[in-house]
Structure formats: structure tokens, C-alpha cells
Amino acid sequence: MIDVPDGTPYDPEECLGVDAGIVHLSTDSDGESFSGEGVDQVREKIHTLKKALQEKGTKNAKRHLKKVSGKEARFKKDTNHCLSKKIVSKAKGTGRGIALEDLKGFNGRTMVGKSQKERFGKWAFDQLRRFITYKAVLEGVPVVLVDPRNTSRTCSVCGHCEKDNRTSQEQFSCLTCKYTEHADINAARNIRFKAAINRPIAV
Ligand SMILES: [Zn+2]
């Protein structure tokens, strides 16, 4: 379980952009999605069970609900440990840094609008982000935080930014250049691009 990290920081030429999604827990700018074996089924199962217990509302149901919630938290944590490890080792193995959206806006205010909340709030991406960051530090992988604004509505090919580019939760389709891609992959590419114009800073 415990690896001995080689935490000598390196200077990457580029970054792997990582986006949080709803369909997949995270997607990188190479187009690889990280979900984890059986994660979706477990998430769905827990969700259904919790809903049923909430509706029932009895003392017994509440006790059961508490147990299920604890189980869910442990499952999230395990999954996020596994995903963050994969992402960090991929970045390290390819000599890249990791670019993530900076969820703290200007003046330290958390930038969570409704659509962002929808994206970030899903499945504890904040925890995944923290895990990626601390594992990256241990491994010497630089992390670049980028401004999250418009990453989901901007075309990663031509740069056209419009809300309607995002045709659905899953689909991105540029109204100008007609580029069509999975919405999470397009966003991850924008995150990578934003990191490239920022100066990489190790955190
Ligand atoms: Zn375009």
C-alpha cells in the first residue's frame, strides 16, 4: 500500500489536464476517463438505498441510513485514493505536470455557480483534488491550478465560448467550428491549455 515516493520536483514541458465529470469521476486531456472498476454500480446502489431509507424515515431506517452513509464515505475515499494515484503516476510517467481547476475564486471565495456546483459537487471531486495534490507533492509532480471559468463552454479547438456549445451534460458541440467531443474531454483540454499559458508553479 505504501510506496516510497521519489519527490524530486521536475520541470514539466506540459500538463495533463484533469476535469471532474458526472458520467466519469474524472477525465484527462488525453481522453482517458477514470472511474474505477464497478464504481458506477456501487454509487447507484448506494443512492437507491439511501433514498429508500430516507423515505421510510423510521428510527430503524435512520440508523441504517447512518451506516450506509459511513460506508459510502469510505468507498468514496478508497476510490479517490485509487484514482488520484493513477492520475499522479500517469503524469509522472509521462513527465508532465497536472492541471486542475482552482475552485477557490478570487479573494478566496469559492466559485461555485449552479452549473459548477453540479459538476464539482458530484462525488466529492474536492476530495479527489486534495488527494491528487498531496500525492503529486510527494512524487514531485508540479500541480498547476487554473481559473475554472468557461472551461466547459469554450471550444478547445477554436476557442469559441458560448453556453450553447454544451449541447448536453455529456456532449460538447462547437457552434462555430463544429468540433464535437465528449464534454469532459473538451473541458480537460481547456484546463491543459490554460495551464500551458500559466507559469507552472509547484505547490
Ligand atoms: Zn470550435
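This is a predicted model: local features need pLDDT of at least 70, side-chain atom pairs count only at pLDDT 80 or more; totals for chains, interfaces and linings use all residues.
View 1. Residues are numbered from 1 along each chain as its sequence is written, and side-chain values use heavy atoms, with hydrogens and water left out. Helices (H or I, at least four residues) and strands (E, at least two) are DSSP runs, numbered from the N terminus. H4 has 15 residues and spans 21 Å from its first C-alpha to its last, close to the expected 21 Å (1.5 Å times one less than its number of residues). Among the buried residues of H4 are Phe125, Leu128, Ile132 and Ala136; buried means under 20% relative accessible area, exposed over 50%, and partly exposed in between (1.4 Å probe, protein chains only).

**View 2. Two aromatic pairs are counted in the model.** Rings of Phe, Tyr and Trp (its six-membered ring) pair if their centres lie within 6.5 Å; planes under 30 degrees apart count as stacked, over 60 as edge-to-face and the rest as tilted. Phenylalanine 131 and tyrosine 134 are edge-to-face, because their ring planes stand at 80 degrees, with centres 6.0 Å apart. Both residues lie in H4 (residues 125–139), three residues apart, or about one turn of the helix. Phenylalanine 131 is buried at 8% relative accessibility, whereas tyrosine 134 is partly exposed at 40%.

**View 3. Phenylalanine 172 and tyrosine 179 form a tilted aromatic pair.** Phenylalanine 172 is buried, with a relative accessible area of 0%, and tyrosine 179 is buried at 16%.

**View 4. Four cysteine SG atoms, from Cys155, Cys158, Cys174 and Cys177, coordinate the zinc ion at 2.3 Å.** Donors are N, O and S atoms within 2.8 Å of the metal (3.2 Å for Na, K and Ca); water is not among the atoms, so sites may look incomplete. The site is tetrahedral, with angles of 107 to 115 degrees among the four donor atoms; four donors count as tetrahedral if all angles lie between 85 and 135 degrees. The donor residues follow the spacing C-x2-C-x15-C-x2-C. Cysteine 155, in the loop between strands S5 (143–146) and S6 (171–173), and cysteine 174, in the loop between S6 and strand S7 (180–182), are 19 residues apart and link distant parts of the chain. Cysteine 155 is buried at 2% relative accessible area, and cysteine 174 is buried at 2%.

Methods
Four donors count as tetrahedral if all angles lie between 85 and 135 degrees; four count as square planar and six as octahedral if opposite donors are over 155 degrees apart and all others between 65 and 115; anything else is irregular.
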